Amino acid sequence: MKLTPRLLTIANLVPQNAVIADIGTDHGYIPVYLIKHNIAKKVIAADVNDGPLQSAKKNIALHHMENVIETRLGNGLEVLHAGEADAVIIAGMGGLLIRDILDAHPEITSSIGTFVLQPMVAQDDLRRWLLANGFMITNERLVKEDHRIYEVMVIRKGTHAVSDEIYYEVGEKLLENKDPLLIEFIQKNLKKYHEILNQLAGQSSEVANEKRNMCLRKVEKLEEVLSCLKNVKPL
């Protein structure tokens, strides 16, 4: 089985020889990959919708993995018992939805050692919530697929103070790792904020001014980070 670059990056960040829960498993591609490549010893593949779960069951059966991949129908972490999984994957959802999933069942969330998260939007809001609620980001990767750059985070329990607001938008681990996609990622974010500023041109309401000032602050910070990256010679 060949995973897409996004799914492969997620799979490669999962801890070895662990019991993994894949929340929102869709077709069950990651669980099958984890077992096939001896990364996980067992996988719980869960989805809130029965349609995708039936697809996952067919894929699991096709690979004769029913004894090591268990499927469960349910919402978020409610499908798990505390201490049942070593690590959890939550991917392909909005950052606010991932936040709500983690927040809904604290006794289960607190029992899990590692989370691999891949938010589609609101990544800054998710980072802010994680760092305010006893989690730290221990690793982070960017991956490009179909002209879009995705952010994948590895989360564990711990504390970490952010020295600048911009690190909610550009993860510090991406800078530490000198991620090869980081310059392109920042340039895309700068383009987004410049487009918003162009849309706000001529608007003078309080809401427009507040949004304009926010965008200008983001642009200034992102340009600072970009300038530093361009001046750093590769090792």
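User: How many salt bridges does the structure hold?

Analyst: This is a predicted model: local features need pLDDT of at least 70, side-chain atom pairs count only at pLDDT 80 or more, and totals for chains, interfaces and linings use all residues. Residues are numbered from 1 along each chain as its sequence is written, and side-chain values use heavy atoms, leaving out hydrogens and water. A salt bridge here is a side-chain nitrogen of Lys or Arg within 4 Å of a carboxyl oxygen of Asp or Glu. The structure's count is 11.

User: How many residues apart in sequence are the parts tied together by glutamate 70 and lysine 42?

Analyst: Those two form a salt bridge, with the closest N and O atoms 3.6 Å apart. Elements are DSSP runs numbered from the N terminus (helices are H or I, at least four residues; strands are E, at least two). Glutamate 70 sits in strand 3 (residues 69-73) and lysine 42 in strand 2, so the parts they tie together have a sequence separation of 28 residues.

User: Is arginine 72 buried or exposed?

Analyst: Arginine 72 also meets glutamate 70 in a salt bridge (3.0 Å, N to O), and Lys42, Glu70, Arg72 and Glu84 are linked in a network of such bridges. Buried means under 20% relative accessible area, exposed over 50%, and partly exposed in between (1.4 Å probe, protein chains only). Glutamate 70, at 31%, counts as partly exposed. Arginine 72 has 14%, so it counts as buried.

User: Which helix holds lysine 221?

Analyst: Lysine 221 forms a salt bridge with aspartate 164, the closest N and O atoms being 2.8 Å apart. Aspartate 164 lies in the loop between strand 7 and helix 7 (172-176), so the pair joins parts 57 residues apart in sequence. Lysine 221 itself is in helix 9.

User: Which helices do the buried residues of helix 9 pack against?

Analyst: Helix 9 has 26 residues and reaches 38 Å from its first C-alpha to its last, close to the 38 Å expected at 1.5 Å a residue (1.5 Å times one less than the number of residues). Its buried residues include Ala208, Arg212, Cys215 and Val219. An α-helix has 3.6 residues a turn, so residues three or four places apart point the same way. The buried residues of helix 9 pack against helix 7 and helix 8.

User: What percentage of the contacts with a separation of 6 or more is between residues 24 or more positions apart?

Analyst: Contact means heavy atoms within 4.5 Å. Leaving aside neighbours within four places in sequence, leucine 34 is in contact with residues including Ala11, Val43 and Ile89. Across the protein, the share for residues 24 or more positions apart is 65%.

User: What is the radius of gyration of the protein?

Analyst: The radius is taken over C-alpha atoms, and the globule rule is 2.2 Å times the number of residues to the power 0.38. For 235 residues a compact globule would have a value near 18 Å, which agrees with the protein's own 19 Å.
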